Amino acid sequence: MTAADLDAVVAIAAVGFPDHFEDRDCFGNRLALNPSGCFVLAAEDAAPRGYLVAYPWTENAAPALNTLIDAIPDDAAVMYLHDLALDPTVRGGGWSGPIIERLARDARAAGWPALTLVAVNEAAPFWERHGFVVTDPPGMADKLAGYGADARYMIRRLVD
């Protein structure tokens, strides 16, 4: 992902997460924090059809939606998968698996022991198919309140 991709990313996010708005500045902030964890998924015509954003974060925590982050936390212990979204025209076409596995390989190689995320829009079964499990650490319900009633904190261990 580059800064030139941000308008397309925001457009895809608006379709994929209409109840979880995040603006261009938020995506630009995440790109600046961890460029190696930000990907655009493009079609043969090079048009963006999806994206993935991930960055180091604190385990058992989730950043508030649509907020800017000053820096990666000093106590970052996991790779947080902030967003994965696909244009509806390519959903079900096998685009998700390869980018999730690339993120997992890259995170493991960088020494991160786990991927974490917050599943929204009743997506927990999708993430379970990719090796994530729902966890309910103490205090997490309060942290997830802004994500909606169906939000689930999930983790995928990368090391034994």
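User: Is Tyr51 buried or exposed?
Analyst: Tyr51 counts as buried, at 0% relative accessibility. Buried means under 20% relative accessible area, exposed over 50%, and partly exposed in between, with a 1.4 Å probe and protein chains only.

User: What ground rules apply here?
Analyst: This is a predicted model: local features need pLDDT of at least 70, side-chain atom pairs count only at pLDDT 80 or more, and totals for chains, interfaces and linings use all residues. Residues are numbered from 1 along each chain as its sequence is written, and side-chain values use heavy atoms, leaving out hydrogens and water.

User: Which residues of helix H2 are buried?
Analyst: H2 covers residues 24-33, and its buried residues are Cys26, Phe27, Asn29, Arg30, Leu31 and Leu33. Helices (H or I, at least four residues) and strands (E, at least two) are DSSP runs, numbered from the N terminus.

User: What do they pack against?
Analyst: Helix H1 (6-16) and strands E1 (38-42), E2 (48-57) and E3 (78-86). Contact here means heavy atoms within 4.5 Å.

User: What happens at the start of H2?
Analyst: A side-chain oxygen of Asp23 comes to within 3.2 Å of the backbone nitrogen of Asp25.

User: Now rings. How many aromatic pairs are there?
Analyst: The count is 5 aromatic pairs. Rings of Phe, Tyr and Trp (its six-membered ring) pair if their centres lie within 6.5 Å; planes under 30 degrees apart are stacked, over 60 edge-to-face, the rest tilted. One of the pairs is Phe27 with Tyr51, edge-to-face, 5.4 Å centre to centre and 80° between the planes. That pair links distant parts of the chain: Phe27 is in helix H2 and Tyr51 in strand E2, 24 residues apart.

User: And how accessible is Phe27?
Analyst: Phe27 has a relative accessible area of 1%, so it is buried.

User: What about Trp127 and Phe132?
Analyst: They form an edge-to-face pair, 5.3 Å centre to centre with 80° between the planes. Trp127 is buried at 7% relative accessible area, and Phe132 is buried at 2%.

User: Which residues make up the aromatic cluster?
Analyst: Tyr55, Trp57 and Tyr80 form one cluster.

User: Switching to strands. How does E4 join E6?
Analyst: E4 (residues 114-119) and E6 (residues 152-157) run antiparallel, joined by 6 bridges. Two strands pair if DSSP finds at least two bridges between them. Leu115 stands opposite Arg156 in E6.

User: How many bridges between E5 and E6?
Analyst: E5 (residues 133-134) pairs with E6 over 2 bridges, in the antiparallel sense. Val134 has Met154 of E6 as its bridge partner.

Note on methods
A polar contact is a pair of N or O atoms within 3.5 Å; within protein, one must be able to donate a hydrogen and the other to accept it, and residues adjacent in sequence count only if both atoms are side-chain atoms.
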